[in-house]
Amino acid sequence: MLNSILTNPMTLPSFLLCLASAMALGILTALVFLYRSRHSASFALTLALLPMTVAVIIMLVNGNIGTGVAVAGAFALVRFRSVPGSAREIAAIFTAMAIGLALGMGYVGTAVLFFLFSAVFTISLTRINFGGASRFERHLKITIPENFNYQGLFDDVFAQYTAKACLTKIRTTNMGTLFELSYDIILKEKEVSKAFLDELRTRNGNLNIVIGDFSDKEML
């Protein structure tokens, strides 16, 4: 089961079996890593095609050192033209490549077992939100006039609506006439209540307030 099905010279049935396995496992790998995650259609398509592409490349190299060096150079050029992705996307690409490498060498059983273990592992950790932020965590930005004393300005509001609030960053905006305060907060309830926002608006002169998921902190 774990032995290679490829022979030298390669036969058409074994080639088609590896190719079909790569197509199926590529689609399944894409479905697993896109589970409960944000993604683009282009990334999903790439992840589905990657095992088949890598498998064919490994079959073509087949011990030829010159071809292997040329392929490595081609991959290096593609890497420099690509945009770095998230850690999850990088892990997905490496997993798809590993499956493609195994199928390119004819180890269909090994590729299937590796996919099953990685799928169970990935889905299980995703479901328990392993290493993720709490669903009650939010990132909050409040704009106040520069003549306001921000120290303790919102303490009573935070005490009422949050379990924890930490001021993480202060910066000036609008030519120094405004302060932008950044907080990491943990809400007492899952949803952001209108009363909470209204309380903040009465304290900051009805200027901008932005609240969003903690995972999107860098984009806020």
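In which loop is Arg36 found? Arg36 is placed in the loop that joins helix H1 (12-33) to helix H2 (41-61), where helices (H or I, at least four residues) and strands (E, at least two) are DSSP runs numbered from the N terminus. The coordinates belong to a predicted model, in which local features need pLDDT of at least 70 and side-chain atom pairs count only at pLDDT 80 or more, whereas totals for chains, interfaces and linings use all residues. Residues are numbered from 1 along each chain as its sequence is written, and side-chain values use heavy atoms, with hydrogens and water left out.

The chain contains seven helices and four strands, which follow one another from the N terminus in the order α-α-α-α-α-β-α-β-β-α-β. Of its 220 residues, 31% are buried, a class that requires under 20% relative accessible area, with exposed meaning over 50% and partly exposed in between (1.4 Å probe, protein chains only). Among contacts (heavy atoms within 4.5 Å) with a separation of 6 or more, 72% come from residues 24 or more positions apart.

Helix H4, which spans residues 87-104 and has 18 residues, reaches 25 Å from its first C-alpha to its last, close to the 26 Å expected at 1.5 Å a residue, the expected span being 1.5 Å times one less than the number of residues. Its buried residues are Ala92, Thr95, Ala96, Ile99, Gly100, Ala102, Leu103 and Gly104, and the elements that cover them include H1, H2 and helix H5 (108-127). After H4 comes Gly106, with a positive phi near 90°.

Most residues other than glycine have a negative phi. Arg36, however, has a positive phi of about 55°, and this residue is exposed, with a relative accessible area of 55%. Met175, with a positive phi of about 60°, lies in the loop between strand S2 (162-173) and strand S3 (178-187), and its relative accessibility of 84% places it in the exposed class.

The structure holds zero disulfides, a disulfide being a pair of cysteine sulfur atoms within 2.5 Å. As for individual cysteines, Cys18 is buried at a relative accessible area of 0%, whereas Cys166 is partly exposed at 36%.
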